[in-house]
Amino acid sequence: MTVETPKTFAPGESPLEKLPVEVLDEVIAQLALDSQPSAYAPRNVDLISCLLTSRTIHVATINTLYSHITIPHSSIFSKFLTHVAEYPGLGTIVKRLDLSHFTSIGLGRSRQVNSEVQNMTSKTLHRCLELTPAIQEVLLQENLDDDIDENVLCKLFYGLPKLRAVDFCASSSKPFAESFTSAVTGLVDVPINLGIRRLGLHECFTLPSTVFETLLPRLPYLTHLDVSHTRITDNALASIPESASLSHLNLGRCTQISGRGVVDFLTDHPAAKSLVYLNLSCDIARYRLLWEPDVERLLPALPTTLRSLNLNGAKIRRWHAPLLLPLTKHLEELSLASADLSVQDINSFFSPASPSTSPVHEPAGPEESSQPWISPTLHYLDLSSIPAVTQSSLFSTSCTLLSPSTSPLEVIELGDKAISSLRECRNTNKRLGWVVKELGRRGWYVRDSNAAGGNQGGRRSWKMGAMWWGMRKCPVAWGEVGGLYGHYMFKK
């Protein structure tokens, strides 16, 4: 028996090192872990080991390590900034600067003490952007809003020609609003367009309406816009250039827009013809965006490209069920919180309704009645605050929502009262194949993955990395969701 000795190769001559550069970069990228920062635990240990393998592998590994930079603490930011300042070539590799996890919690410092350390300040953040001229995505958030001054914003808007995505999630401090207003005011008399395609202003409620009316007309390539809980107006929305092609639009909880203005935009504006994600939710305790006439104009006009539709708070009546039915054939998420629908109306989304139980507003025409039944594509339904949907009605034999026949439906979001009742029904939940899950302020009734028609997997390209159903914040960059972004997307 002969033992085959392993082959040895001269430096740079191994089969791995001889791969084309593009292929080698992809191979090394498979070692990068898209995991959430966890305290001070080391990340990407395998990539660090590759740095010591050979010169060829070292170069490919550097490209992967510095392509996406995630900064959870000010001390790590300081180390990164020092290293890039010493080796400026590394800064040209950076494509994404992710500060969505940034916090001083866990370091034993208050926000005031953290500012005194001077690791993360408006000056160091501006310096970081100067050292990363090819950056394409910058993810910021409320823990940094005092450090996002006018110089930083001007650099983002005017000084980074390759920037395609920027997120200011929940930044709402007075200094931030003043700086943002000053930076955008400079655009008023300047006939320039910005290259930003994905813009996140989720919960930036202190920005004045004039900011949106000045900024949005200068975004001709816009595809993702999240302005949930902001002061955007009908005029600002209509000012989006016709050359834009929106796939994601979040107008949830915006009180300065009207139902008529929103419906006019969605039905007439060229930029809204290929939407995939649309959030028109509202808090009915403060403001109702869509009334019955708005709903009746909107539903027939929505594009078939749509996969997620949030109509929480809209004035939806029983006679709107036939208008909702065609949407269930291509939607994967549908939110109808506070709708005036019965269990039979909701059942009709999943099986043909008999004429005696169909909600009647106007008689169905011969073309409608002769159409063959098409199974729904819904994976997620938000039925919160619908009086007819309770623990007892869900368990009733007249309700088909929990049966295997409604698959691929796998998640039903419910209000606190219904979730509390379902939580106590452990044996019934087990028998039906459903479980209660809660996170933050939200609760879901989820089909057990081991049951018939169970979990189908939540990853979709339009979610850009998010795995759960029912997201309430638009992503602007592909990746696993966590930190403050995860809070606003799934917990709130």
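A residue is called buried when its relative accessible area is under 20%, exposed when that area is over 50%, and partly exposed in between, with a 1.4 Å probe and protein chains only. The model on screen is predicted, so local features need pLDDT of at least 70 and side-chain atom pairs count only at pLDDT 80 or more, while totals for chains, interfaces and linings use all residues. Residues are numbered from 1 along each chain as its sequence is written, and side-chain values use heavy atoms, with hydrogens and water left out.

Select Ser 375 to begin: this residue is exposed, with a relative accessible area of 52%, and its place is in the loop between helix H16 (366–369) and strand E11 (380–382). Helices (H or I, at least four residues) and strands (E, at least two) are DSSP runs, numbered from the N terminus.

Show the whole protein chain next, where 20 helices and 14 strands are found and buried residues make up 49% of the 492 residues.

Now select helix H4 (residues 74–86) and helix H7 (residues 122–130), which pack at an angle of about 45° with their axes 10 Å apart; axes are lines fitted to C-alpha atoms, for helices over the stretch in contact, and angles run from 0 to 180 degrees between N-to-C directions. That angle makes H4 oblique to H7, since angles under 35 degrees count as roughly parallel, over 145 as roughly antiparallel, 65 to 115 as roughly perpendicular and the rest as oblique. Show the side chains of Phe 77, Phe 80 and Leu 81 in H4, which meet Thr 124, Leu 125, Arg 127 and Cys 128 in H7, contact meaning heavy atoms within 4.5 Å.

Move on to helix H8 (residues 150–158) and helix H9 (residues 174–185), whose axes come within 8 Å and cross at roughly 45°. On the H8 side the contact includes Leu 153 and Phe 157, and on the H9 side Phe 180 and Val 184 are among the residues involved.

Finally, select Leu 156, Phe 168, Phe 180 and Leu 311, which touch the most other members of the largest nonpolar core, a set of 119 residues; such a core consists of buried Ala, Val, Leu, Ile, Met, Phe, Trp, Tyr and Cys residues joined through side-chain atoms within 4.5 Å. Apart from it lies another core, of 13 residues, including Trp 444 and Phe 490.
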